[in-house]
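Good morning, colleagues. Please look at the sequence and the structure on the screen, and I shall then comment on a few features.

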Amino acid sequence: MGLIKAASRSAEAFAPTLPEASLTDDDPAERRRAVQAMAGDEAAVETLIWLLRSEPDNSVRQAAFTALAAIDNLDAARAIAAMLTEPDPALRNGALEALAALPHQAAALLEPLGHHADPDVRSFTVLLAAGLPGQNGADFLMALAARET
C-alpha cells in the first residue's frame, strides 16, 4: 500500500502547470488556457476572483467563473457570491450563473444573501432560489414571502 501512495505523490509532483505569468499574457486565448488549468483547484479561488475583477475579455471571465464552479465548495461559492455586489453587470450575471451551477453550495448561502443590505443582491437571491432543484429554494421563497407580508 505504501508503494502506491508514494507513486501517486511522485506523479503529482511532476504534473505540468502553467506559469501564473500566462494569466497576464497579451493573448486572451493564452489567459483562458491558464484559467482553465485552474479548474477545480481550491488554492486558486483568490487568484480567480482577482482575475475576474481585472480581466477585460469576456471569454476569460467565463472560463474563470467555470473554474470557480468546478471547485464546488463553500469557500468558492462565497467568493462567487461576493461578486453579486460588483458594479459591472456582466460580473453580477456571471456570478449568478456560476452559483446556479453549484446548487448545494448556493442553497447554503440563500439565507445570508437574502438578508443582504444591497437590494440587488436580495433580488439575485430570489432568482437563484427559484432556479434551484429540490426543496431548498422553494422553502426559502416561502419563508421570504411570509416575512414580507
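**A helix pair and a buried glutamate**

Helix α2 (residues 28-36) packs against helix α4 (residues 58-71) at an angle of about 0°, and their axes are 9 Å apart. Axes here are lines fitted to C-alpha atoms, for helices over the stretch in contact, with angles from 0 to 180 degrees between N-to-C directions. Helices are DSSP runs of H or I with at least four residues, strands are runs of E with at least two, and both are numbered from the N terminus. α2 and α4 are therefore roughly parallel to each other, a term for angles under 35 degrees.

This is a predicted model, in which local features need pLDDT of at least 70, side-chain atom pairs count only at pLDDT 80 or more, and totals for chains, interfaces and linings use all residues. Residues are numbered from 1 along each chain as its sequence is written, and side-chain values use heavy atoms, with hydrogens and water left out.

Which residues of α2 meet α4? They are Pro-28, Arg-31, Arg-32, Val-35 and Gln-36, and their partners in α4 are Ser-59, Val-60, Ala-63, Ala-64 and Ala-67, contact meaning heavy atoms within 4.5 Å.

I turn to Glu-86, in the loop between α5 (74-82) and α6 (89-100). At 16% relative accessibility, Glu-86 counts as buried, that is, under 20% relative accessible area with a 1.4 Å probe, protein chains only. Beyond its neighbours within four places in sequence, Glu-86 contacts Arg-53, Leu-91 and Arg-92.

Finally, the protein chain as a whole has nine helices and zero strands, and 38% of its 149 residues count as buried.

Conventions
Angles under 35 degrees count as roughly parallel, over 145 as roughly antiparallel, 65 to 115 as roughly perpendicular and the rest as oblique. Buried means under 20% relative accessible area, exposed over 50%, partly exposed in between (1.4 Å probe, protein chains only).
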